[in-house]
Amino acid sequence: QVQVVESGGGLVQPGGSLRLSCKVSGVDLTFYTMGWYRQNIGTQRDLVAEVHSGNLILTADSVKGRFTISRDNTQKMVYLQMNTLKFEDTASYYCNVRKTLGGPPYTTYWGQGTQVTVSS
């Protein structure tokens, strides 16, 4: 059974930092792209950053230079270091794990989400 569990959200002041963590179990991450998405109520879920199995990284323009994604296949973890947080970074953050190598099925898994609130 595949499990995707996020942690690390919370309340932070503007300019502060948080580190989100996502633990994945039940799959061989060699074949998976891992990423973070965020969503507010009534809006679509948007990509924040993702890291492919070969360590190719894609980052949304809105967080470039402030957020850094990294992965540890041995520990089956993906992290999102968020610095210089802004009010507009407030959202529920979701860990995404999707199979991109090794043949079908190209399954996608989501975590339950962790809330990040940036407020003074």
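Student: What percentage of the 120 residues of the chain count as buried?

Tutor: Burial is read from the relative accessible area, and a residue counts as buried when that value is under 20%. In this model, which is predicted, 41% of the 120 residues of the chain count as buried.

Student: Which radius of gyration would a compact globule of 120 residues have, and what does the chain have?

Tutor: A compact globule with 120 residues would have a radius of gyration near 14 Å, and the chain, with 14 Å, agrees with that expectation. Along the principal axes, its C-alpha atoms fill a box of roughly 45 × 25 × 25 Å.

Student: Where does arginine 45 lie, and is it buried, partly exposed or exposed?

Tutor: Arginine 45 lies in the loop between β4 (32–39) and β5 (46–51). Because its relative accessible area is 31%, arginine 45 is classed as partly exposed, the class that falls between under 20% and over 50%.

Student: Which residues is arginine 45 in contact with, leaving aside its neighbours within four places in sequence?

Tutor: Contact here means heavy atoms within 4.5 Å. With those neighbours left aside, arginine 45 is in contact with Tyr37, Arg38, Gln39, Tyr94 and Trp110, and its side chain is joined to that of glutamine 39 by a polar contact of 3.1 Å. Alanine 91, which is 46 residues from arginine 45 in sequence, is 9.7 Å away in space, C-alpha to C-alpha.

Key: Residues are numbered from 1 along each chain as its sequence is written. This is a predicted model: local features need pLDDT of at least 70, side-chain atom pairs count only at pLDDT 80 or more; totals for chains, interfaces and linings use all residues. Side-chain values use heavy atoms; hydrogens and water are left out. The radius of gyration is taken over C-alpha atoms; the globule rule is 2.2 Å times the number of residues to the power 0.38. Buried means under 20% relative accessible area, exposed over 50%, partly exposed in between (1.4 Å probe, protein chains only). Helices (H or I, at least four residues) and strands (E, at least two) are DSSP runs, numbered from the N terminus. A polar contact is a pair of N or O atoms within 3.5 Å; within protein, one must be able to donate a hydrogen and the other to accept it, and residues adjacent in sequence count only if both atoms are side-chain atoms.
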